[in-house]
Amino acid sequence: ADDLIDAARATGVKVAAAPGNHLRSPSFLAVRDRIRAGAIGKVCWGRAQKGTRHEEDARRQPGGQLAEVDPSWYYRPGGGPLRDAAVYDIHAVTWLLGPAKRVTAMSGIAIPQRRWKDRTIDVELDDNTHFILDFGDARYVVFSSHFVRGSRQVPSLELYGETGSVVMGGRTEGGYELYVASEERDRGGFVERRQEVGAPEPSGAALEGLNHYIIGDLVHLADCVLADREPELGAEQARHAIEIIDKVYESARLGRTLDLTTSFAQS
């Protein structure tokens, strides 16, 4: 990442990073606007979770479009749920909150063997990783990254602030739900009141054409080249995500919190 950034600066070329699903999501754009407008006050804590069992993917079953694509590589060094799944959450949350300061993690192999067709897949890389990012000023977000089992009932992203919260995915209605404090109180303080429901939108995997998440990232880079503007998800933010992923594994191995040294300018 350092070499790419240095080369781009030296030659004056554009570098865009992926995945950038949140950049084309009306829900994420609205959530960012609400947070920046102070709708929920200072974001104090949150949770993000993402993962899948690739050997059970419907597309990899007989007759599926990936029926002959062996998923073993997901479970080998270089794969894993952090690079496959958590990177989406890392990019989106750092886009919303800015660069993180510290990371602490626990990680391991929960299911050592998988079955796909008539093959046994030996899991060589951690398939169950959970970590906390410290964004400074006592702001913490917990990330769950796994190839184990999730639930469609559980939100994919939750952010809780001084005066309200935002919830996305799971059993929420629309693309997001925004909660603020009502006038009523209980033992927990002000009772939350749902103020806004974002319009529904399809998942990234369901998008097609220029809106498909991979094509969309390429088109965004092309637009930046043509308009001579900087990509909204640049190489510096991607480098920050790479450091987070590397130090999650290191933190879990060492059993301690680690400082993050990279940063980026928040757009």
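The buried residues of helix α2 pack against β1, α3, β7 and β8 (164-168); helices (H or I, at least four residues) and strands (E, at least two) are DSSP runs, numbered from the N terminus. In α2 (residues 26-36), the buried positions are Ser 27, Phe 28, Ala 30, Val 31, Arg 32 and Ile 35. Buried means under 20% relative accessible area, exposed over 50% and partly exposed in between, with a 1.4 Å probe and protein chains only. Just after α2, Gly 38 takes a positive phi of about 85°.

The model is predicted: local features need pLDDT of at least 70 and side-chain atom pairs count only at pLDDT 80 or more, while totals for chains, interfaces and linings use all residues. Residues are numbered from 1 along each chain as its sequence is written, and side-chain values use heavy atoms, with hydrogens and water left out.

The loop between α1 (2-11) and α2 holds His 22. His 22 counts as buried because its relative accessibility is 2%. Leaving aside residues up to four places away in sequence, His 22 touches Phe 28, Leu 29, His 91, Ala 92, Trp 95 and Leu 233; contact means heavy atoms within 4.5 Å.

Helix α3 (residues 80-97) and helix α5 (residues 235-254) pack with their axes 10 Å apart, at an angle of about 130°. Axes are lines fitted to C-alpha atoms, for helices over the stretch in contact, and angles run from 0 to 180 degrees between N-to-C directions. The two helices, α3 and α5, are therefore oblique to each other; angles under 35 degrees count as roughly parallel, over 145 as roughly antiparallel, 65 to 115 as roughly perpendicular and the rest as oblique. Among the residues making the contact are Val 87, Ile 90 and His 91 of α3 and Ala 241, Ile 244 and Ile 245 of α5.

An open sheet of 9 strands has the order β10-β9-β8-β7-β1-β6-β5-β2-β11, with mixed pairing. Two strands pair if DSSP finds at least two bridges between them. The edge strands, β10 (189-197) and β11 (258-259), each pair on one side only. Strand β2 (residues 102-108) runs antiparallel to β11, joined by 2 bridges, and Val 103 stands opposite Leu 258 in β11.
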